[in-house]
Amino acid sequence: MATETMQAVVCHGPYDYRVEEIVRPQPGPGEILVKVGAAGICASDIKCFTGGMLFWGQDGKGGYCEAPVVAGHEFAGTVAALGEGAAERHDVAIGDHVVAEQIIPCGKCRFCKNGQYWMCEPHVIFGFKRHRGEGGMAEYMIYPANARVHKIDLRISKQEAAYIEPLACAMHAVDRGEITPGDTVVIAGVGNIGLCALQAARRYNPGQLIALDTKTYRLELARKLGADVAINPLEEDAVARVKSLTEGYGCDVYIEITGSAKAPQQGLAMIRRLGTLVAFSVLNEPATIDWNLVGDQKELNVHGSHLGPYCYPKTIRALAEGSIDVKSLISATFPLAEFGAAMEAARSGDNLKTMVLP
């Protein structure tokens, strides 16, 4: 019998992503073969594509990405085949709509054993690790035996389903903000995840919900999705404006999702004493901050936020019920074969979520 093949976007290095014909994978014990419905291009995909140090290290050595590897960690699809024991292990059947969390936990390290699987020490994330975590920009993909798999409500479209991963990340970032009713909350950066975080934060009944961004179209959409105030830091002094809205104190919570190395210092200057800053962004360059603001001057809570642990079930519910809107954030779709054009559109800054459809 001839070996079946499929199309996939294979990352070989910075600026070297190729649409290739590769062997269609077969599920081993505990594994699921998934026919991919849609896959999103994330800001971290763009940073990997453009040679970000986190992904490629110094002089191309020591980075996170292990190429060649099929790209893509925002995906969802339909169960096409099941390896031995996979149906029982994951409680799924052929034809089910399923998503896997972006990390494939080892289940053995101290973090996995403590239930902190999103901090798994080997830290294999789909789309970056050759053989161990091949991604979703392909016609088919494997959910490994250790993947955390969730069934998707049939009310959710295939494109919305590919938004589950970034929305879960936004949910976790907002949870880390520990928002209390009446708080003034700043969402810094209202791209895809920022606009999701904005909607998630609204559920905590903040007193003021403020969106920051340098792109007018994003600020307009932020207003439609629940922002009370929208500020462009290129057009006005954002720190002064937020302080003027809070009797001079500053915001209670600042959630940093800009991807800009300038944003952490802006946040530290903007937060009131004893406030909370959530650090979510992946930065391509080091950030310089006044560390005295964290300790001696303001005694701030600085919380990191990584991935979307324990947030997938509530994310799926929110999408199925329509309480969070991601349809209006999907602005461009391309066939898998046109990945080059899709990445160009994503990098242009003129789109929110760009997706490829196998």
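**Figure 1. Contacts across the chain in the predicted model.** Of the contacts between residues at least 6 apart in sequence, 68% join residues at least 24 apart. The fold comprises twelve helices and 20 strands. Its radius of gyration is 20 Å, close to the 21 Å from the globule rule for 358 residues, so the protein is as compact as a globular protein of that length. Along the principal axes, the C-alpha atoms fill a box of roughly 75 × 45 × 40 Å.

**Figure 2. Surface and charges of the protein.** Of the 358 residues, 55% count as buried. The protein carries 34 positive and 41 negative charges, whose mean positions are 2 Å apart.

**Figure 3. The pair of tyrosine 15 and phenylalanine 49.** The structure holds eleven aromatic pairs. In this one, the ring centres are 5.3 Å apart and the planes stand at 65°, so the pair is edge-to-face. Tyrosine 15 lies in the loop between strand E1 (5–13) and strand E2 (16–23), and phenylalanine 49 in helix H1 (residues 43–49), so the pair ties together parts that are 34 residues apart in sequence. Phenylalanine 49 is buried, with a relative accessible area of 11%. Tyr15 and Phe49 belong to one aromatic cluster with Tyr17 and Phe339.

**Figure 4. The pair of phenylalanine 55 and phenylalanine 128.** These rings are stacked, at 5.4 Å centre to centre with 25° between the planes. Phenylalanine 55 sits in helix H2 (residues 53–56) and phenylalanine 128 in the loop between strand E10 (124–125) and strand E11 (140–143); the two are 73 residues apart. Both phenylalanine 55 and phenylalanine 128 are buried.

Conventions: Residues numbered from 1 in each chain as written. Predicted model: local features only at pLDDT ≥ 70, side-chain atom pairs only at ≥ 80, totals over all residues. Heavy atoms only, no water. Helix = DSSP H or I, 4+ residues; strand = E, 2+ residues; numbered from the N terminus. Rg over C-alpha atoms; globule rule 2.2 N^0.38 Å. Buried < 20%, exposed > 50% of the residue type's maximum accessible area, 1.4 Å probe, protein only. Contact = heavy atoms within 4.5 Å. Lys, Arg positive; Asp, Glu negative; His and termini not counted. Charge placed at Lys NZ, Arg CZ, Asp CG, Glu CD. Phe/Tyr/Trp six-rings, centres within 6.5 Å; stacked < 30°, edge-to-face > 60°.
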